[in-house]
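Biologist: I would like to learn how to read disulfides in a structure. Could you walk me through them?

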Amino acid sequence: MAALRLWPLWLQGLALVWGCGRMGLALLPATAPPAPAQACSEFSQRSCEECLKNVSCLWCYTNNTCIDYPVRSILPPSSLCSLSNARWGVCWSSRPDEEEERLARKREERRLQSLQRKHERKLKHDEIRKKYGLLQDSDNPYSRFENE
């Protein structure tokens, strides 16, 4: 019985899928045609975010210009804008560079700390060697070891 009540809904969905709206079945309300998009050049000297609201635009950081994305090539040519300064889709693509710099700084800090600990260990070991007479004098490193 429930299947009979759902039959009209199923039929309408099928009509929409097959494009048979002219058969007297309910159609979705028509949407207004999209407003004509502004030219990308109108967003020049503004901001990257404003430029990239239009998905067909490319922002160039070198001269703060918004230009039409060259759809004939996968990546924009360097004559248009250098790849490191070109943004399309999102403005924050320089984020991996900042992350790499941060990781390099941390790596260098760890290396310096490691060298400092190594030096401290050497000093401590030299003190122990000196205490037990195992450290040779730096004045005469070739002196003979004396047995008593």
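Predicted model: local features only at pLDDT ≥ 70, side-chain atom pairs only at ≥ 80, totals over all residues.

Biologist: Which cysteine is joined to cysteine 40?

Modeller: Cysteine 40 is joined to cysteine 57, with an S to S distance of 1.9 Å. This pair links distant parts of the chain: cysteine 40 sits in the loop between helix H1 and helix H2, while cysteine 57 belongs to strand S1, 17 residues apart. Its link is left-handed, with -90 degrees about the S-S bond.

Biologist: And what does the disulfide of cysteine 48 and cysteine 91 tie together?

Modeller: Here the S to S distance is 2.0 Å. Cysteine 48 is in helix H2 and cysteine 91 is in the loop between strand S3 and helix H3, so the pair ties together parts 43 residues apart in sequence.

Biologist: Why is the disulfide of cysteine 60 and cysteine 81 right-handed?

Modeller: Look at the torsion about its S-S bond: the value is about 85 degrees, so this disulfide is right-handed. By contrast, the link of cysteine 48 and cysteine 91 is left-handed, at -105 degrees.

Biologist: Are cysteine 60 and cysteine 81 buried or exposed?

Modeller: Both are buried. Cysteine 40 and cysteine 57 are buried too, as are cysteine 48 and cysteine 91.

Biologist: What is the pairing if I number the bonded cysteines in sequence order?

Modeller: Numbered that way, the pairing reads 1-4, 2-8, 3-6, 5-7.

Definitions and conventions: Residues numbered from 1 in each chain as written. Heavy atoms only, no water. Disulfide = S-S within 2.5 Å. Helix = DSSP H or I, 4+ residues; strand = E, 2+ residues; numbered from the N terminus. Buried < 20%, exposed > 50% of the residue type's maximum accessible area, 1.4 Å probe, protein only.
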